[in-house]
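Thanks for asking me to look this one over. My notes follow as numbered points, to be read with the model open beside them.

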Amino acid sequence: MKPPPPPIMEEEVRNAIRKLNRNKATGPDEIPVELFDALNETCLVHFTELLNLICDTGQWPSDLKKSVFRTLQKKPGETECENHRTISLMSHTTKMLLRIVMTRIRSKIRPEIAESQFGFVPYKGTQNAIFTLSMLMERVVEVQDDVYLCFIDYSKNFDKVKHSEFF
């Protein structure tokens with residue numbers, strides 16, 4: 001049997017609070033990020049205990065499981081679906097817990113990620129991938145060789161998801 005993960009430490013919670021974006025809309029619980037900034041050490045200890053309780057039991061309070069989906073127009077007056085983007089407003093507490101888990105996972109999987117991996121890796125975003133691809137194309141032209149590329153448009157796939165069916 002696998003040993004349980006180590007408990008969440010107060011320093012992890014402090015780091016998660018530090019990394020939250022300020023002046024953002026609240027989620028369904030209506031708790032702003034600035035409230036977490038105001039936590040004193042006693043409150044931080046109790047908040048860390050709450051996060052550990054959620055992790056240990058696997059029982060999330062119902063307020064923390066809710067997200068509110070909002071569509072925003074990319075340009076004013078647009079009516080086509082592809083000219084809108086959807087954002088999800090969720091509890092800042094949920095964001096902190098997910099950030100702590102994600103930080104722990106990243107430290108474990110970083111050695112497993114191939115050097116050629118792009119996306120969701122620091123300093124290897126879309127711009128880096130485009131630059132690498134353009135350099136590759138220049139080299140292919142120089143040596144007069146063939147290259148085959150395949151682009152998949154995943155956005156069309158995600159536009160079809162009916163978010164209301166999940167809640």
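1. N23 sits in the loop between helix 1 and helix 2; helices here are DSSP runs of H or I with at least four residues, numbered from the N terminus. N23 is not a glycine, yet its phi is positive, at about 55°. With a relative accessible area of 72%, N23 is exposed; on this scale buried means under 20% relative accessible area, exposed means over 50%, and partly exposed is in between (1.4 Å probe, protein chains only). As background, most residues other than glycine have a negative phi.

2. A word on the source before you go further: this is a predicted model, in which local features need pLDDT of at least 70 and side-chain atom pairs count only at pLDDT 80 or more, while totals for chains, interfaces and linings use all residues. Residues are numbered from 1 along each chain as its sequence is written, and side-chain values use heavy atoms, with hydrogens and water left out.

3. Please also look at Q144, in the loop between helix 6 (126-142) and helix 7 (155-159). Q144 is a residue other than glycine with a positive phi, near 50°. Its relative accessibility is 74%, so Q144 counts as exposed.

4. How do helix 1 and helix 5 pack? Helix 1 (residues 10-19) meets helix 5 (residues 92-109) at an angle of about 115°, and the two axes are 9 Å apart. Axes here are lines fitted to C-alpha atoms, for helices over the stretch in contact, and angles run from 0 to 180 degrees between N-to-C directions. Helix 1 is therefore roughly perpendicular to helix 5, a label that covers 65 to 115 degrees. The crossing of helix 1 and helix 5 is right-handed, the near helix being turned clockwise from the far one by less than a right angle.

5. Which residues make that contact of helix 1 with helix 5? Helix 1 supplies E12, V13, A16, I17 and K19, and helix 5 supplies M96, R99, I100 and R104; contact means heavy atoms within 4.5 Å. By class, the contact of helix 1 with helix 5 has five nonpolar residues, no polar ones and four charged ones. For these classes, Ala, Val, Leu, Ile, Met, Phe, Trp, Tyr, Cys and Pro count as nonpolar, Asp, Glu, Lys and Arg as charged, and the others, Gly among them, as polar.

6. Helix 3 (residues 41-57) crosses helix 5 at roughly 70°, and their axes come within 11 Å. Helix 3 and helix 5 are therefore roughly perpendicular to each other, and helix 3 passes helix 5 in a right-handed crossing. The residues in contact are F47, L51, I54 and C55 of helix 3, with T93, M96, L97 and I100 of helix 5. They divide into seven nonpolar, one polar and no charged.

7. The largest nonpolar core has 15 residues, and I8, V13, I17, F47, L51, M96 and I100 touch the most other members. Such a core is a set of buried Ala, Val, Leu, Ile, Met, Phe, Trp, Tyr and Cys residues joined through side-chain atoms within 4.5 Å. Helix 1, helix 2 (33-37), helix 3 and helix 5 each give two or more residues to this core, and helix 3 gives the most, with four. Not counting residues up to four places away in sequence, I100 touches I8, E12, V13, A16 and L51.

8. Is H92 buried or exposed? H92 lies in helix 5 and, at 1% relative accessibility, counts as buried. Apart from residues up to four places away in sequence, H92 touches L20, K24, A25, T26, I31, P32, V33 and F36.

9. N52, in helix 3, counts as buried at 13% relative accessibility. With neighbours within four places in sequence left aside, N52 is in contact with P7 and I8.

10. R99 belongs to helix 5 and is partly exposed, with a relative accessible area of 27%. Leaving aside neighbours within four places in sequence, R99 is in contact with A16 and K19.

11. T57 lies in helix 3 and is partly exposed, at a relative accessible area of 42%.

Methods. Angles under 35 degrees count as roughly parallel, over 145 as roughly antiparallel, 65 to 115 as roughly perpendicular and the rest as oblique.
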